[in-house]
Amino acid sequence: PTWETLTDKKDDDIVVEIDPGTAFGSGSHETTKLCISQLKKYIKKDTELLDVGTGSGILSIIGLKLGAHHAMATDIDPNAIRATDENFAINGVAGQAEVQQVNILDQDEADRFYEKNNGKRYDVVVANILADVLVPLTPVIVHQMKKGAYYITSGILDVKEEVVREAVAKAGLTLVEVTRQGEWVCVTARKD
């Protein structure tokens with residue numbers, strides 16, 4: 001939180017300031033930690049990042065602090081849009097990031113989003129959303145990904161892992177890795 005003073009910061013630590021508020025995402029949940037671990041592996045200095053269901057914007061902020069060139073955050077909740085904008089400013093990444101309210105599962109909204117962004121495609125897509133949303137999202141989001149892009153998904157309870165893996169395979173993505181923390185799963189795939 002912005003009101004706390006960090007006293008034990010090491011030189012290579014990345015500090016993200018997030019105040020608890022109206023949008024989901026403080027960085028302490030297992031699914032967020034799983035996504036962060038994967039972002040550390042796949043973010044490069046020229047990465048274009050798409051953060052679907054951004055909540056507080058935390059994964060976009062971390063992606064940028066890891067060296068991504070630009071982050072596009074999306075959410076359907078207007079409170080998340082406001083919180084993300086505020087968090088981008090607090091963390092000094094507003095110039096490299098933007099947030100849009102869009103439901104990518106709605107074909108008309110997805111088409112407008114794609115057109116508004118000049119057909120931009122992304123190197124890394126991160127979606128920390130429940131499996132019931134990831135399953136219909138996956139075949140849609142593939143069209144937003146560059147060849148060779150990584151798709152990092154979490155918010156998946158272990159009992160839902162198989163349905164997400166099936167959705168990834170059905171969308172033509174190659175499974176790269178499955179990581180776990182507690183009862184939560186992160187499925188990472190690549191568009192070949």
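Colleague: Which residues form a nonpolar patch on the surface?

Modeller: This is a predicted model, so keep that in mind throughout. The nonpolar patch consists of Leu105, Leu130 and Val133. Together they have about 240 Å² of accessible area.

Colleague: Where does Val133 lie?

Modeller: Val133 belongs to helix α5, which spans residues 131–141. Its relative accessible area is 30%, so Val133 is partly exposed.

Colleague: Which residues form a negative surface patch?

Modeller: Four aspartates do: Asp8, Asp11, Asp12 and Asp13. Take Asp11 as the example. Asp11 sits in the segment before α1, and that helix covers 30–42.

Colleague: Is Asp11 buried or exposed?

Modeller: Exposed means over 50% relative accessible area. Asp11 has 81%, so Asp11 is exposed.

Colleague: Now helices. How should I read one?

Modeller: Start with the general idea. An α-helix has 3.6 residues a turn, so residues three or four places apart point the same way. Now look at helix α6, residues 161–170.

Colleague: Which residues of helix α6 are buried?

Modeller: The buried ones are Glu161, Val164, Ala167 and Val168. Look down the axis of α6: these buried residues fall within an arc of 130°, so they line one face of the helix.

Colleague: Which exposed residues does the face of α6 turned away from its buried side carry?

Modeller: That face carries Ala169 and Lys170, both exposed.

Colleague: Next, charges. What is the general idea behind a salt bridge?

Modeller: Side chains of opposite charge can pair when their charged atoms come close.

Colleague: How many salt bridges does the structure hold?

Modeller: There are seven salt bridges in the structure. Begin with one of them, between Arg165 and Glu161. Their closest N and O atoms are 3.0 Å apart.

Colleague: How are Arg165 and Glu161 placed in helix α6?

Modeller: They are four residues apart in helix α6, so about one helical turn separates Arg165 from Glu161.

Colleague: Is Glu161 buried or exposed?

Modeller: Buried means under 20% relative accessible area. Glu161 has 11%, so Glu161 is buried. Arg165 has 30%, so Arg165 is partly exposed.

Colleague: With which residue does Glu161 form a salt bridge at 2.8 Å?

Modeller: With Arg180. The 2.8 Å is the distance between the closest N and O atoms. Glu161 lies in helix α6 and Arg180 in strand β6, residues 174–181, so the pair ties together parts that are 19 residues apart in sequence.

Colleague: Which residues are linked in a network of salt bridges?

Modeller: Glu161, Arg165 and Arg180 make up that network.

Colleague: Which residue forms a salt bridge with Asp192?

Modeller: Arg190 does. The closest N and O atoms of Asp192 and Arg190 are 2.7 Å apart. At 48% relative accessibility, Asp192 is partly exposed. Arg190, at 25%, is partly exposed.

Notes:
Residues are numbered from 1 along each chain as its sequence is written. This is a predicted model: local features need pLDDT of at least 70, side-chain atom pairs count only at pLDDT 80 or more; totals for chains, interfaces and linings use all residues. Side-chain values use heavy atoms; hydrogens and water are left out. Patches are made of residues with over 30% relative accessible area and no salt bridge: like charges are joined within 9 Å, nonpolar side chains (Val, Leu, Ile, Met, Phe, Trp, Tyr) within 5 Å. Accessible areas come from the Shrake-Rupley method with a 1.4 Å probe; for residues, only the protein chains shown count as cover. A salt bridge is a side-chain nitrogen of Lys or Arg within 4 Å of a carboxyl oxygen of Asp or Glu. Lys and Arg count as positive and Asp and Glu as negative; His and the chain ends are not counted. The place of a charge is taken as NZ of Lys, CZ of Arg, CG of Asp or CD of Glu. Helices (H or I, at least four residues) and strands (E, at least two) are DSSP runs, numbered from the N terminus. Buried means under 20% relative accessible area, exposed over 50%, partly exposed in between (1.4 Å probe, protein chains only). The arc is that of the directions from the helix axis to the C-beta atoms.
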